[in-house]
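Colleague: I am new to this structure and would like to go through it in short questions. Please keep the answers plain.

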Amino acid sequence: AKLLILNCAYYPASQDHCCSTQLIDGDGTINVAGIENFMKEVKLGECGLSYAVVSIMGPQSSGMFSILRYLKHIYIMIFEEVMNSIPSEAMFTIVLFGLNRQESQTTKGIWMAKCVGIEPCTLVMDLEGTDGRERGEDDTAFEKQSALFALAISDIVLINMWCHDIGREQAANKPLLKTVFQVMMRLFSPRKTTLLFVIRDKTKTPLENLEPVLREDIQKIWDSVPKPEAHKETPLSDFFIVEVVALSSFEEKEEQFKEQVANLRKRFQHSIAPGGLAGDRRGVVPASGFSFSAQEIWKIIKENKDLDLPAHKVMVATVRCEEIANEKYDLLVSNKDWCELKEAVQSGPISGFGKNLNSLLTTCLSEYDAEANYFDEGVRTAKQKQLQEKLFQLVQPTFQIALGHVRSKAFDKFKAAFDKALNGGEAFSSAANTCVESCMARFDEGCADVVIEIADWDTSKVREKLRRDVDAHVSSVRASKISELVSSYEEKLKEALSAPVETLLDGANNDTWSSIRKLLNRETLSAVSGFSAELDRYDMDEETKKSMIVTLEDYAKGVIEARAKEEASRVLIRMKDRFMTLFSHDSDSMPRIWTGKEDIRAITKSSRSECLKLLSVMAVLRLADADDIYDIEKTLTVALADSSSDSGKDKSITTLDPLASSTWEQVPTSKTLITPVQCKSLWKQFKTETEYTVSQAIAAQA
């Protein structure tokens with residue numbers, strides 16, 4: 001072997017630096033921590049889809065390490081020809097990507113490094129050489145696994161081969177190509193990968209002559225590889241883009257070799273652009289998901305399962321998008337502005353609440369979109385929707401509190417304004433309409449300030465609730481005001497009717513009930529007129545208004561009825577008072593002096609007759625003109641007036657006595673104040689209690 005230290009004046013080290021890591025060790029264990037650190041170091045997560053992966057394959061000691069070194073712009077390039085020809089004293093240790101590498105041991109496992117000076121970001125994977133003696137029988141299994149891994153994640157696969165192997169049946173690269181083609185069948189739906197064959201130590205034979213032979217060799221190997229039924233007739237071109245380049249011998253034509261490698265390196269610039277060196281990149285995952293994708297692919301390969309790249313792409317997108325969504329959600333939960341806003345709204349309304357919260361939500365979702373932009377669109381959109389719903393669930397309680405403040409403030413201001421308008425003398429209907437309209441406009445204005453545009457939540461139910469509460473308050477105030485109005489007019493009627501009715505009943509005569517009816521009609525008409533005018537201020541429908549007027553009229557009748565019943569309960573006292581007044585005073589209202597000339601019998605009869613009239617007036621309620629047909633006085637006169645001629649008659653009491661009943665003939669019970677039988681009892685008691693006065697007068701004459 002030969003160690004060549006290049007000056008590499010083409011690419012000064014100050015421009016960039018190379019970062020590397022062992023991706024998979026020689027035992028097949030993936031280096032998770034190493035990948036994560038590598039991604040952070042090279043800032044791979046920021047690349048989106050703008051990155052490429054290149055793999056280097058080839059038999060051991062095929063010189064692929066030297067090409068890799070040169071392509072990656074590293075100062076030390078190792079070109080190995082025959083390792084076993086190195087004398088023991090020439091054994092050396094070099095540092096490659098942090099690996100201590102001995103001369104008898106080439107690349108172990110899979111290493112990865114970032115290319116220097118190549119755009120976009122290009123990662124190079126150095127695979128362990130095939131047919132190596134170190135692995136022995138284990139070589140085939142690891143060889144297939146690493147080849148499948150390279151095909152699954154690489155855009156370009158460089159395959160090193162010696163020029164003298166072209167056209168040879170026992171070529172060193174034949175097992176490698178068979179391995180590549182065989183494992184390709186395990187990719188359920190493979191993407192089209194570029195196979196770049198690098199012919200080493202090209203002879204004088206032109207590349208134009210070598211390339212057809214090489215392609216024929218490749219086709220033969222493809223045809224000989226067993227294929228599943230679905231790909232029996234599938235041409236090689238459906239799976240691979242085959243490119244061929246040739247390099248001169250480094251030892252014999254060093255300058256030419258350097259120039260050819262430099263030209264080859266240029267082909268990696270913008271390799272993923274249309275027409276670039278990379279394949280169709282159907283299975284590529286966004287750079288931020290590279291680590292997880294590589295881990296999962298290697299896991300599936302180790303478990304000897306078929307690799308479904310489209311399904312894998314969706315799986316990677318699902319995991320990464322969910323991780324990004326959770327990260328953005330957690331960031332918002334702990335966001336200082338959000339925490340302050342959530343706390344402040346507990347105490348009262350916050351100006352600009354909706355705008356501020358909308359900004360926080362849109363920023364969170366925009367950051368998610370930016371990081372998840374290159375993942376599968378269906379997965380990305382679904383996870384974005386889930387994140388949005390989760391964010392909405394987080395902020396909705398706070399939004400409802402803010403909306404509640406708007407509603408409460410509008411309602412409180414409405415009540416204050418309504419009371420002020422009514423106390424200021426404004427008509428009820430006018431005040432209600434103005435204040436309700438102002439309240440709803442204030443709510444709409446407040447809603448516009450708290451509404452979260454991105455959420456587009458419906459506030460109509462809260463608005464409807466406010467309107468119901470406002471209408472209920474208006475109805476409550478209306479009912480209260482009307483109740484006060486009714487009470488006021490009822491009090492007026494009571495005051496206008498009670499005392500006059502009492503006076504009229506006290507002086508009961510034939511015109512008493514006629515006078516009471518006139519009084520009732522006059523006062524009721526006056527009250528109804530004023531009451532009706534007041535009701536017009538409350539925007540009341542005619543049917544309700546009419547009903548209330550009828551109720552007021554009935555109340556007036558009720559006042560008279562109540563007073564009449566009260567007076568009827570004291571009728572005996574009234575009768576005795578009237579008797580004493582009439583019996584003890586003359587027509588000039590002067591006290592009588594019993595001289596012996598007075599006709600006590602006639603005076604007694606006349607006085608009792610007036611008392612009987614009082615009883616007849618009080619016996620039945622007569623608030624309608626038609627009630628005058630009830631001739632109670634006649635019935636009482638016939639039944640109660642003293643008649644000595646009746647005392648000897650032997651007739652049945654039930655046949656002759658019209659007062660032996662609890663009802664008056666043709667008089668409804670509702671209009672009866674004193675029943676016939678009560679009248680008889682009262683009259684008997686009245687006569688008994690006034691008899692002494694008559695006896696005293698007779699005694700005085702004697």
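Predicted model: local features only at pLDDT ≥ 70, side-chain atom pairs only at ≥ 80, totals over all residues.

Colleague: How many helices and strands does the chain have?

Modeller: Both kinds of element are DSSP runs numbered from the N terminus, helices being H or I with at least four residues and strands E with at least two. On that count the chain has 20 helices and eleven strands.

Colleague: What percentage of the residues of the chain count as buried?

Modeller: Buried means under 20% relative accessible area, exposed means over 50%, and partly exposed lies in between (1.4 Å probe, protein chains only). The chain has 702 residues, and the buried part comes to 47%.

Colleague: Among contacts between residues at least 6 apart in sequence, what percentage join residues at least 24 apart?

Modeller: A contact here means heavy atoms within 4.5 Å. Among the contacts between residues at least 6 apart, the part joining residues at least 24 apart is 75%.

Colleague: How are helix 12 and helix 13 oriented to each other?

Modeller: Axes are lines fitted to C-alpha atoms, for helices over the stretch in contact, and angles run from 0 to 180 degrees between N-to-C directions. The axes of helix 12 (residues 428–450) and helix 13 (residues 460–506) come within 11 Å and cross at roughly 160°. Angles under 35 degrees count as roughly parallel, over 145 as roughly antiparallel, 65 to 115 as roughly perpendicular and the rest as oblique. Helix 12 and helix 13 are therefore roughly antiparallel.

Colleague: How many nonpolar, polar and charged residues are in the contact of helix 12 with helix 13?

Modeller: Residues in the contact include Phe428 and Val436 of helix 12 and Leu466 and Arg467 of helix 13. Ala, Val, Leu, Ile, Met, Phe, Trp, Tyr, Cys and Pro count as nonpolar, Asp, Glu, Lys and Arg as charged, and the others, Gly among them, as polar. The contact divides into eleven nonpolar, no polar and five charged.

Colleague: How are helix 17 and helix 20 oriented to each other?

Modeller: Helix 17 (residues 600–619) and helix 20 (residues 676–701) pack with their axes 11 Å apart, at an angle of about 155°. The two helices are therefore roughly antiparallel.

Colleague: How are helix 17 and helix 18 oriented to each other?

Modeller: The axes of helix 17 and helix 18 (residues 632–640) come within 8 Å and cross at roughly 135°. Residues that meet include Leu612 in helix 17 and Leu636 in helix 18. Helix 17 and helix 18 are therefore oblique.

Colleague: Is Glu567 buried or exposed?

Modeller: Glu567 lies in helix 15 (residues 542–569). Neighbours within four places in sequence aside, Glu567 is in contact with Glu502, Leu505, Arg574 and Met618. Because its relative accessibility is 1%, Glu567 counts as buried.

Colleague: How far apart in space are Asn509 and Glu610?

Modeller: Asn509 is in the loop between helix 13 and helix 14 (512–535) and is partly exposed, with a relative accessible area of 34%. Asn509 and Glu610 are 101 residues apart in sequence, and C-alpha to C-alpha the distance in space is 8.4 Å.

Colleague: Is Lys518 buried or exposed?

Modeller: Lys518 is found in helix 14. Lys518 is 105 residues from Leu623 in sequence and 9.5 Å from Leu623 in space, C-alpha to C-alpha. At 57% relative accessibility, Lys518 counts as exposed.

Key: Residues numbered from 1 in each chain as written. Heavy atoms only, no water.
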